[in-house]
Amino acid sequence: MDDGETETTLDDDAEPFSFVIDDIEECGATCRDVTSTLTNTQNETATDVTVYIRIFAGEDNTATDDIVWEGTEEAGTLAPAEEHTTTERVELSLQDARKIDREDGWITIQTTVESDETTVTYQDSEQVA
């Protein structure tokens with residue numbers, strides 16, 4: 001490449017996507033604006049990318065009856081190393097906020113990234129209260 005362009009080489013053994021929470025801002029007692037970035041870490045373009053997020057009350061808990069919030073974000077087509085950043089408003093009912101309080105403030109965040117090429121699920125627990 002002699003026209004000043006740089007080539008990005010990604011690790012074939014790495015996860016196909018990276019998902020990072022960039023910022024969390026309070027928008028009320030049971031409301032947070034969560035900014036996150038999804039990056040295509042593959043050497044190929046990812047098409048029809050959709051992110052599904054579920055938040056559960058409790059540490060390392062993914063019981064369906066403990067879901068306190070869920071959302072979907074369409075990221076579309078992502079070239080290699082391309083990022084998609086979005087801010088989602090997470091508003092909980094008082095009942096769901098109480099579920100988290102009963103779990104000593106712990107939540108489990110399950111993020112599934114689905115594309116035409118692959119599907120990967122990430123899970124993390126955080127103490128938020």
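Which two cysteines form a disulfide, and how far apart are their sulfur atoms? It's C27 and C31, with the sulfur atoms 1.9 Å apart. Keep in mind that this is a predicted model.

**The disulfide**
- The structure holds 1 disulfide, and a disulfide is a covalent bond between the sulfur atoms of two cysteines.
- The angle about the S-S bond is -85°, making the link of C27 and C31 left-handed.
- C27 counts as partly exposed, since its relative accessible area is 31%.
- C31, on the other hand, is buried, at a relative accessible area of 5%.

**Strand 6 and its partners**
- One partner is strand 3 (residues 46-57), paired with strand 6 in the antiparallel sense over 8 bridges.
- In that pairing, A57 stands opposite I107 of strand 6.
- Strand 7 (residues 119-127) also pairs with strand 6 in the antiparallel sense, over 9 bridges.
- Strands 6 and 7 form a hairpin, with 4 residues between them.

**A look at Q110**
- Q110 is buried because its relative accessible area, 17%, is under the 20% cut-off.
- Across in strand 7, Q123 stands opposite Q110.
- The side chains of Q110 and Q123 also make a polar contact, at 3.3 Å.
- Leaving aside neighbours within four places in sequence, Q110 is in contact with several residues, among them Y52, R54, F56, T62 and Y122.

Definitions and conventions. Residues are numbered from 1 along each chain as its sequence is written. This is a predicted model: local features need pLDDT of at least 70, side-chain atom pairs count only at pLDDT 80 or more; totals for chains, interfaces and linings use all residues. Side-chain values use heavy atoms; hydrogens and water are left out. Buried means under 20% relative accessible area, exposed over 50%, partly exposed in between (1.4 Å probe, protein chains only). A polar contact is a pair of N or O atoms within 3.5 Å; within protein, one must be able to donate a hydrogen and the other to accept it, and residues adjacent in sequence count only if both atoms are side-chain atoms. Contact means heavy atoms within 4.5 Å. A disulfide is a pair of cysteine sulfur atoms within 2.5 Å. Two strands pair if DSSP finds at least two bridges between them. Helices (H or I, at least four residues) and strands (E, at least two) are DSSP runs, numbered from the N terminus.
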